[in-house]
Amino acid sequence: MENNTPSEGREHWSGQLGFVLAAAGSAIGLGNIWKFPYITGENGGGAFVLIYLICILLIGMPVMLCEIILGRHTQKNPVGAFKMLSPKSSVTAHLIGVVLFTCGVALISFETYGWGLIFLAVAILIFKYGWIMPGIMGVFSGFIILSYYSVVGGWTISYFFNAAAGKLVFQNAQQAAGCFDSLKGNPWLCVAFHIAFMAITCLIIYSGVRKGIERWSRILMPALFIILIALILRGITLPNALDGVDFFLRPDFSKIKPKSVLTALGHAFFTLSLGMGAIITYGSYVSKNENLFKASLSIVGLDTLAAIMAGLAIFPVAYAVKINPECGPGLVFQTLPLVFSQIPLGIFWCAVFFILLFIAALTSAMSLLEVVVSFAMDELKWPRHFATFFCGAVITILGIFSAVSISNWENIEWIHSALIKIFNTSQSSFFDFMDNLGANWLLPLGGLFIALFTGWIWGTKKAVDEMRIGSENFADVNFISLLAGLKDDPGHNAKVHVITLASLWGIFVRFIAPLAIFLAFLQIAGWIKN
Ligand code: TRP
């Protein structure tokens, strides 16, 4: 990571598996095991899961390929990548700038000053930097997301210590909730663990990461999957557990809230680490003889599997022990210790689980910080140690506000009233405010720009050329033949095909993904009522 020139000297993953595991290490994290279950609970269960899966398939997959391609082609950090491929001046970029500028002026005239100013600022940045803007936005998102991610990372450390000390053996849901509330209700404890988590993340990033990321992911992923399977088996056999499976998997659209679509979309980006260039950065270490299709399919598949397994481990238990699935960010921390209390050697497994969750969070946090740090190193020419220290400190300070405002504004009422004045926000805490801003707005917006850029500015043609490298004939074989396992059959290779993976991908990147993201924004803005 020390240099960003597209030279032969750039380090690469050790092979297909190395990249898939590292990217899956970034993707699989608190998003899958902590966030996905609790937002599914808050948004009514099965129907939300279905919307989320559709977002993964229609938007997540194509954008994932875009990011890997952009990374491998440019061998750079996100800002560098956009800089390298952007045209000198782009009419489209100016057009987008004009639209945003107009929106900004309109918002200010409606007295929504905060958003108005943000729109104006983004418009000006687009006028100035053109298509480099998505890269800059990605770095900004990294700051926002890591700041509250690390607070939850801190909880996993606290729970690990509690588990090891045997303090997580509970008889009923009240005790489990009490334990979580006492952590949440002690802001300084949350701050301390948040700082500890950030310090560890910085330490790893400081000492160069790539080999570390790969090695950790190789052990961690399989271990995490095995523990999840054990948890599912124990959970499902509890009385009333099947009601939980029913809640999780049976779609009931009447329970969907207006905000659910944007939340599902935002989470699809969040869980796959998309929309801010983390995968561009990881993609820049991928070697030229890898099949990018297979890689992205495995990453998305593993990540989705982890999320579904986490849901299957948690909801049955929640129903069995009567924990309200809508209880919010504490859901995992309240339910799983209760299952461990019913398993032989539960204390031991509980500690193992929380240390695995901690490492899963750490590998993801590393990818978030690495984007920010590699930007500061490559573009601002800061040395790695200063970049890590400075960015880490800013993120830690920002995160303290989330740590003291997890479910209400009690401790920072002054920020609340300021935010209401400027943004008219209705979020219930600073933590939620940051999560909403980062995951639901910045990531999909970043994804929208990445898709538009690849599809229309840089062009699918050049992207497909990059995609072909190392992909055998995956890109150009008839899609049906490919699905049927006949891709190497001479009879199916003879002609030029129209419906291929490459052409399908192109259509998704140019039309379907941007349109879907745009509609989700409109829907939440209340312009389309559905
Ligand atoms: N995907 C991670 C998770 O599910 C979080 C994460 C890591 C992330 N890197 C990211 C989210 C980059 C957005 C962008 O826990």
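Residues are numbered from 1 along each chain as its sequence is written. Because the model is predicted, local features need pLDDT of at least 70, side-chain atom pairs count only at pLDDT 80 or more, and totals for chains, interfaces and linings use all residues, while side-chain values use heavy atoms, with hydrogens and water left out.

**Stop 1: the ligand**

Next, show the polar contacts (pairs of N or O atoms within 3.5 Å). Start at Ser 273, where a side-chain N or O atom is 3.0 Å from a nitrogen atom of the ligand. At Leu 30, a backbone N or O atom lies 3.1 Å from a ligand oxygen atom. At Ser 26, a polar backbone atom is 3.3 Å from a ligand nitrogen atom. On its own the ligand has 360 Å² of accessible area, and the protein covers 100% of it (Shrake-Rupley method, 1.4 Å probe).

**Stop 2: the largest cavity**

The ligand sits in the largest cavity, meaning that more than half of its atoms lie within 2 Å of the cavity's grid points. A cavity is a set of points, on a 1 Å grid over the protein atoms alone, where a 1.4 Å probe fits but cannot get out; lining residues have an atom within 4 Å of a point. The largest cavity holds about 160 Å³ of space, a volume being the space filled by probe spheres set on the points. Select its 19 lining residues; closest to the centre are Ser 26, Ile 145, Phe 270, Ser 273 and Leu 368. Then colour the helices α1, α2, α7 (133–164), α12 and α16, which each supply at least two lining residues. Helices are DSSP runs (H or I, at least four residues), numbered from the N terminus.

**Stop 3: the second largest pocket**

Move to Leu 57, Met 61, Leu 297, Phe 479 and Leu 501, the nearest to the centre among the 22 residues lining the second largest pocket. A pocket is an open set of points with protein on both sides within 12 Å along at least five of seven lines. Its volume is about 580 Å³. Select α3, which gives the most to this lining, with 8 residues. The lining of this pocket has 19 nonpolar residues, 2 polar and 1 charged.

Methods: Polar contact = N/O pair within 3.5 Å; in protein donor to acceptor, adjacent residues only side chain to side chain. Nonpolar A, V, L, I, M, F, W, Y, C, P; charged D, E, K, R; others polar.
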